[in-house]
Amino acid sequence: MARYELVKRSVALITLTNPPVNALSSPVRHAIAKSMERALSDPKVTAVVICGENGRFCGGADIREFAGPLRGPPLIPVLDAIEAGRKPVVAAIEGVALGGGFELALVCHYRIAHSKARLGLPEVTLGILPAAGGSQRLPRLIGIPAALELITTGRHISAQEALKLGIVDQVTDQNACEMAVEFALKSVGKPLSSRRVSMLTTPCPPDLDALLEAATMQVKKKARGVMAPLACIQAVRAAATMPFSKGMKRESELMTTLFNSGQAQAFQYCFFAQRTAGKWTLPSGAQWNNSKPREIRSAAVIGLGTMGRGIVVSLARVGISVIAVESEKKLLENGRQMVIGMLERDAKRRGVSASLNLLKFTLSLQDLKDVDLVIEAVFEDMALKKRVFQELSKVCRPTTLLCTNTSGLDVDALAGVTNRPHLVAGMHFFSPAHVMKLLEVVCGPRSSSETIATAMSLGKKMGKVSVAVGNCPGFVGNRMLKPYLDQATFLLEEGATPEQIDKALEDFGFAMGVFRMSDLAGLDVGWRVRKESGLTGPDVDSKNPPRRRQGHRYCPIPDMVCEQGRFGQKTGRGWYMYDKPGDTNAKPDPLIQNLLETYRSRYGIQPRNISDQEIIERCLFVLANEGFRILEDGMAARPEDIDVIYLFGYAFPRHRGGPMFYVSMVGLERVLERLEHYHQAHPDVPHLEPSALLKKLVACGSPPVQKWREYIKTMHSHL
Ligand SMILES: CCCCCCCCCCCCC[C@H](O)CC(=O)SCCNC(=O)CCNC(=O)[C@H](O)C(C)(C)COP(=O)(O)OP(=O)(O)OC[C@H]1O[C@@H](n2cnc3c(N)ncnc32)[C@H](O)[C@@H]1OP(=O)(O)O
């Protein structure tokens with residue numbers, strides 16, 4: 001777990017050997033401690049260099065170990081012994097020095113970084129804080145403001161920035177390990193006391209309280225209800241106001257609180273869920289590690305609406321040449337200008353030049369004959385999409401992959417009109433496509449493993465978190481959204497207000513409640529879908545009694561809001577009112593209050609007081625209940641995939657871990673009991689009926705979320 005060598009006759013070279021990221025697992029900590037003892041006691045050794053195998057210094061503590069009892073030597077004494085040693089120790093940082101890896105570097109007396117290395121204390125993103133002295137040493141080394149920013153955001157920094165901040169002593173383009181050995185030889189005999197960061201006095205700004213207060217306000221606003229950033233600020237305060245040993249005690253107390261909070265578990269679950277989602281499987285046995293993706297050098301995007309433009313930008317900025325197609329000259333010109341503007345702004349922000357030379361704009365599908373892959377992003381209309389796919393089938397070479405950005409239509413129906421159904425898949429981006437990280441890769445029953453591998457790998461290349469899903473209406477994300485939105489509007493009927501529901505959801509941790517979010521997204525989109533599916537408008541079957549469709553409860557309030565031309569922020573009116581169209585400051589609107597009161601009295605509904613608990617339970621338990629059904633149907637391979645979709649596509653609060661993790665933390669038995677209760681009260685809402693899988697899991701003793709897959713295996717899978 002660590003290799004010990006003597007180099008240049010007097011330098012002990014300790015190499016961490018724990019692939020893939022040299023995490024500080026128990027055997028690694030043990031090996032470091034033993035190696036240091038050996039180096040310090042060997043008279044031949046005058047200096048020590050610590051590096052990591054395979055060009056990676058260290059990715060920090062082994063996060064998997066956090067789930068069990070602490071075994072092996074604790075990290076802090078291992079690190080303290082390095083700093084206290086009487087021989088100079090140099091960290092040779094290549095690749096990454098993150099979390100405990102960074103803390104390991106901080107106890108070394110010197111730090112040499114390769115120019116491509118990245119450093120950071122990302123603990124806050126795992127719901128904890130740098131608890132091996134990082135919160136106490138970094139402020140001593142670089143001052144409170146810079147340390148506060150790095151620790152509360154978890155941001156990774158480049159070697160150059162680390163040099164500027166005074167974190168590393170030297171940056172090199174050459175082999176960092178060899179440079180560190182040379183550096184170590186030159187450091188022999190130099191006094192070490194000023195190199196022991198724990199011995200430094202934290203430079204304390206005069207306005208410390210104001211600074212910490214401002215940071216507190218900022219993190220409270222940015223991460224509602226999240227404990228870790230607040231704990232980080234308290235730890236940094238300790239570094240500014242307490243001697244090192246007392247600060248370490250405070251750091252440990254804060255870490256214990258975070259560890260016991262449940263939030264840390266949720267964040268750490270998210271970390272692994274994101275990585276698990278990349279490991280897709282198909283019923284054929286094809287999977288991520290046995291299917292080869294095709295290399296995509298050129299692509300085409302059809303349709304330059306909001307989605308199409310974002311997709312063009314996502315492709316071009318990773319070096320893929322893109323042909324963008326529109327149906328009319330004016331739309332094409334407008335799209336061209338928007339895309340160029342977006343790419344230029346993006347390039348400026350990243351300090352690179354915009355890849356405009358990769359773009360071509362055309363009105364003719366004939367220009368697509370040689371591209372490797374097409375993404376169709378035209379209007380959400382099956383007949384139109386089928387025409388496009390038929391045309392593509394004729395125009396593109398037979399090996400071109402044909403993908404659709406539909407947000408819920410039948411991908412296999414589109415595959416069926418082509419001459420290559422095995423090369424058709426869904427690539428469902430989220431709006432705005434160049435910003436949102438989620439990509440649902442929709443596997444049709446005829447999509448080949450190569451097609452899925454290519455779509456997943458292209459998503460990764462574009463920096464997306466790609467999740468493979470089955471082909472059902474709405475796929476995973478939008479399919480689950482429907483019962484969630486329904487519950488919110490049923491609660492309005494029963495007596496709640498949009499403000500009350502939004503506040504309950506925002507207090508739960510969502511950045512925006514369901515109604516504020518709907519106003520931002522635009523209410524007309526859903527209205528059009530409801531009209532097209534005959535739920536509202538002139539095509540409604542007149543046999544439907546009021547507030548019922550196909551025998552089930554239906555709430556027409558969203559349709560009534562749209563009928564008044566209230567489409568959300570863009571029209572200055574929606575569930576809320578805004579000072580002018582495009583404004584974001586949502587204010588409660590007495591007209592909506594009035595509409596709700598009139599509606600309730602028309603249907604003889606006696607409004608009742610609805611608790612926040614009921615709002616959360618009905619909205620979120622029904623969301624997860626649909627997730628269970630999706631798992632039963634084999635439309636998602638595992639609960640982690642559903643959670644990743646909700647974290648990255650629907651801003652589900654990370655400290656709750658995603659809808660499936662959240663209900664597992666609440667306790668499946670309780671969730672089942674509450675769903676049964678609500679279904680009894682609302683028997684005309686089938687989504688409230690507990691799913692078979694939920695019942696099965698409860699009957700099996702409510703296993704943890706990571707084990708649910710074992711209970712789903714027996715069921716029919718589309719993935
Ligand atoms: C009740 C009282 C309790 C009190 C508790 C007291 C405890 C006291 C001691 C605490 C000491 C704390 C020390 C420290 O402050 C805490 C930490 O260090 S937390 C860890 C911080 N590090 C990170 O957050 C880095 C996480 N990793 C990454 O960001 C990336 O993996 C990477 C390093 C940038 C590499 O990225 P990629 O190349 O894209 O590779 P992947 O991300 O796909 O990862 C590959 C593979 O490695 C696994 N992995 C990565 N990092 C870790 C890790 N730190 N631990 C374990 N495993 C890791 C990852 O899951 C992938 O695995 P695979 O999916 O392939 O199985």
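**The ligand and its surroundings**

An oxygen atom of the ligand lies 2.7 Å from an N or O atom in the side chain of E103, a polar contact in the sense of a pair of N or O atoms within 3.5 Å. The model is predicted, with local features needing pLDDT of at least 70 and side-chain atom pairs counting only at pLDDT 80 or more, while totals for chains, interfaces and linings use all residues. Residues are numbered from 1 along each chain as its sequence is written, and side-chain values use heavy atoms, with hydrogens and water left out.

For the side chain of R275, the distance from an N or O atom to an oxygen atom of the ligand is 2.6 Å, and for that of R64 it is 3.4 Å. Taken alone, the ligand exposes 1,300 Å², of which the protein buries 72%; these accessible areas come from the Shrake-Rupley method with a 1.4 Å probe.

The shell around the ligand holds 29 residues, the closest being R56, E103, E123, R275 and K279, where a residue is included if one of its heavy atoms lies within 4 Å of the ligand. By class, 16 of these residues are nonpolar, 6 polar and 7 charged. At least two shell residues come from each of α3 (100-107), α10 (244-259) and α11 (263-277).

**R629**

R629 belongs to helix α23, which spans residues 612-632. Why does R629 count as buried? Its relative accessibility is 18%, and buried means under 20% relative accessible area, computed with a 1.4 Å probe and protein chains only. Beyond its neighbours within four places in sequence, R629 is in contact (heavy atoms within 4.5 Å) with R479, P686, H687, E689, P690 and S691.

How values were computed: Helices (H or I, at least four residues) and strands (E, at least two) are DSSP runs, numbered from the N terminus. Buried means under 20% relative accessible area, exposed over 50%, partly exposed in between (1.4 Å probe, protein chains only). A polar contact is a pair of N or O atoms within 3.5 Å; within protein, one must be able to donate a hydrogen and the other to accept it, and residues adjacent in sequence count only if both atoms are side-chain atoms. Ala, Val, Leu, Ile, Met, Phe, Trp, Tyr, Cys and Pro count as nonpolar, Asp, Glu, Lys and Arg as charged, and the others, Gly among them, as polar.
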